[in-house]
Amino acid sequence: MSNEHSNKINLYSLPPLKALKGFEAAARLLSIRGAAQELNLTHPAVTHQIQILESSLNVKLFSKQGRNIVLTADGETFYPYVREAMETLISGTQAMSKAVMSRPLRIQVYVTTSIRWLAPRLADFRAKFPEINLQLMTCNVGWEFDADNADIGLIFNNQPLKPQFHWCKLFDSQLFPVCSPSLIKDKQQLNAADLLNYPLITVYTEGWSWQQWFEKFCNPADIEQQLNANKSIVIDTLAVALEMAIKGEGIALVNGPSADDDLHTGRLIKPVDNVVSGLGEWGVICRNDIKDDQRVVLFIEWLKAEAAKRNQY
């Protein structure tokens, strides 16, 4: 550490810092009322700040001339120092703000959610907030937020939130099947049990999902043997499952926004209306100590707006 930074500051020589705002505004405007309006304070509050400052300095900073106020000689001497100090602090704050804004905001997101929902929308965010650098960190295994390596997580959650985290819900979980319209083009609307006659695409980390979906809408005794006999296709990511579904190779099961765009364009359809809800929530998570960071606030508000669009489909 240099001597410049190691020399101790005599804090007892400082005037009451809070009172400097009232003095600076009143001295610049030569009006207590004007200073109160500018600072969104009452007239007595500004007067009190100036009185505290005068008492601390043991001088009079203002005198009256009729209904107006003017700086005394001591006030004239003091004002340039106050102004310079405040401008220096403002410059330092702005420099820090620019430095923080230039750091990448690390976003944890699942591979499929990133590819099929978030990434296609990021051009809009970048156009609106070009000063914010984003770094996407995709993960394939595990649902939990990795606070050591990410600032924000766009995740699915079905557990109580730990106290150190801030959570903002985007939309409810919905588990539903999707397929290419070509797969059932000659069929009328199907019911849940009819899906057992088609190849079911299963993500190996979510092997329970089809079982849970069928148990919600079918008699377990009727479907267990058929489900075991079904020639299901097991793959490693929902992204692959959706690509296979689009090509008509089977029916995939979706939890979240990953099929939104394909449903909107008609590349995928819902072969049945049956939806399992209440499994958890999709949302944004971050540590409590950074939830008020400007970059975090802007990104979360943008995500909320995008989620609201999704709910309109």
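**Pockets of the predicted model**

Strand β5 contributes three residues to the lining of the largest pocket, the most of any element. Helices (H or I, at least four residues) and strands (E, at least two) are DSSP runs, numbered from the N terminus. The model is predicted, with local features requiring pLDDT of at least 70 and side-chain atom pairs pLDDT 80 or more, while totals for chains, interfaces and linings use all residues. Residues are numbered from 1 along each chain as its sequence is written, and side-chain values use heavy atoms, without hydrogens and water.

The volume of the largest pocket is about 450 Å³. A pocket is an open set of points, on a 1 Å grid over the protein atoms alone, where a 1.4 Å probe fits, with protein on both sides within 12 Å along at least five of seven lines; lining residues have an atom within 4 Å of a point. Grid points are joined across faces, edges and corners, and the volume is the space filled by probe spheres set on the points. Of the 19 lining residues, Glu-144, Phe-156, Asn-157, Asn-158 and Gln-159 are the closest to the centre of the largest pocket. Two or more lining residues come from each of β5 (152–157), β6 (165–178), α8 (208–217) and β10 (276–287). The lining comprises eleven nonpolar, five polar and three charged residues (nonpolar: Ala, Val, Leu, Ile, Met, Phe, Trp, Tyr, Cys and Pro; charged: Asp, Glu, Lys and Arg; polar: the others, Gly among them).

The second largest pocket holds about 370 Å³ of space. Its lining has 17 residues, of which Ile-32, His-43, Thr-47, Lys-64 and Ile-69 are the closest to its centre. Helix α4 supplies the largest share of this lining, five residues.
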